[in-house]
Amino acid sequence: MAQRVIVGRHPDGAVGVFISRPGIDVGAVGSGDYNNLWYSTQFANIAGIWRRGTCGLNQDVYYDDLGYVPVVRFEQWTGQAVITYPNFGFPFSANGRFYRADWTRYRLDFLAPYAFRISKRDPGTDSGPDSPTFRWLVYTIPVAG
């Protein structure tokens, strides 16, 4: 099993927090490697917000191409209150989707390096509202090159 987290000094000399992609040993890649790290304090503008907005279910959302796939956070929103816990999308599962946890009803589908869609995780058995509103943030944290 790969070591995926370093808090402190990276083998290349950098100091910070480093988290690698599944199956990648964090110490075997550079501390600023966009392709093999989910998170590195060496990345410029760490946790900066690139774009934000609201959207509906199954609505395609486009943002400027950053040259990498960024972290996207979303939550169901009434316009005045959050209904669900924040969800973070990472495109690293076998089918291109990552589910924040089993309790979430929604998933984030990456359509391209600069687009996503929020959809129901299990539309066949989900009897919840068909037109929820979500608020979302696109961060300047790369998760894929």
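Me: Is L111 buried, partly exposed or exposed?
Reply: Happy to look at this one! This is a predicted model, where local features need pLDDT of at least 70, side-chain atom pairs count only at pLDDT 80 or more, and totals for chains, interfaces and linings use all residues. Residues are numbered from 1 along each chain as its sequence is written, and side-chain values use heavy atoms, leaving out hydrogens and water. Buried means under 20% relative accessible area and exposed over 50%, with partly exposed in between (1.4 Å probe, protein chains only); because L111 has 36% relative accessibility, L111 counts as partly exposed.

Me: Which strand holds L111?
Reply: Strands here are DSSP runs (E, at least two residues), numbered from the N terminus. The run covering residues 106-112 includes L111, and that is strand β9.

Me: Where is N58 found?
Reply: N58 is not a glycine, yet has a positive phi of about 60°. With a relative accessible area of 48%, N58 is partly exposed. N58 is found in the loop between β4 (49-56) and β5 (61-62).

Me: In which order do the 3 strands of the open sheet stand?
Reply: Two strands pair if DSSP finds at least two bridges between them. The edge strands, each pairing on one side only, are β1 (5-9) and β3 (37-40). The pairing is antiparallel, and the order is β1-β2-β3.

Me: What is the bridge partner of V5 in β2?
Reply: Strand β2 covers residues 15-20 and runs antiparallel to β1, with 5 bridges joining them. Within β2, the partner of V5 is I19.

Key: Helix = DSSP H or I, 4+ residues; strand = E, 2+ residues; numbered from the N terminus.
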